[in-house]
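Please look at the charged side chains in the structure shown below.

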Amino acid sequence: MKLLAIIAAIIILVGVLGVVMLAQKSRSGAPPGLTDGALAPCPSSPNCVSSEPGTPESHAVAPLPPEAWERLPQLIGEKGGRVVALRNDYIGSVFTTPLLGFADDVEFRRGETEVHVRSASRVGHSDMGANRERVEMLRTALAE
């Protein structure tokens, strides 16, 4: 019985260490930026949402209104993010999760009639809906 408890403790410790290392890995890097004038497409994993045309329905979110552009840099900071790139047509930002500090990229592209958004986890497969919720939180804050 004591051996089983030791083995279980080792397995738990290795699992926790793995998650901490994954969180650390996510903090390196930067948002992908624009590719051929558009935000990068989402990978097949469910931890990404985008409003870019052609985005599969499972990853799709609606774009933001054009008047959102001027408010986004300040709103990102107010909602816990950090702007890391700011250009005439592109805003790149990073949000980190409170508990382990996983980094998610949240990017915006100014279009002619709307602001496109992409929110994606840097590591892992599932985000339990966090990126979709973040985009909708920003949309709600912009409407206030």
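Asp 104 is buried, with a relative accessible area of 5%, where buried means under 20% relative accessible area, exposed over 50% and partly exposed in between, computed with a 1.4 Å probe on protein chains only. The side chain of Asp 104 meets that of Arg 134 in a salt bridge at 3.0 Å, N to O, a salt bridge being a side-chain nitrogen of Lys or Arg within 4 Å of a carboxyl oxygen of Asp or Glu. This pair links distant parts of the chain, since Asp 104 lies in strand β6 (residues 103–110) and Arg 134 in helix α3 (residues 130–143), 30 residues apart; helices (H or I, at least four residues) and strands (E, at least two) are DSSP runs, numbered from the N terminus. Arg 134 is likewise buried, at 11%.

The model is predicted, so local features need pLDDT of at least 70 and side-chain atom pairs count only at pLDDT 80 or more, while totals for chains, interfaces and linings use all residues. Residues are numbered from 1 along each chain as its sequence is written, and side-chain values use heavy atoms, with hydrogens and water left out.

By the salt-bridge rule the count comes to six, including these:

| Pair | N to O distance |
|---|---|
| Arg 134 and Asp 104 | 3.0 Å |
| Glu 107 and Arg 118 | 3.4 Å |
| Arg 139 and Glu 136 | 2.9 Å |

Glu 107 in strand β6 and Arg 118 in strand β7 (residues 115–121) are eleven residues apart and also link distant parts of the chain; Glu 107 is buried at 0%, and Arg 118 is buried at 7%. Arg 139 and Glu 136, by contrast, are three residues apart in helix α3, which means that about one helical turn separates them. Arg 139 is partly exposed at 21%, as is Glu 136 at 31%.
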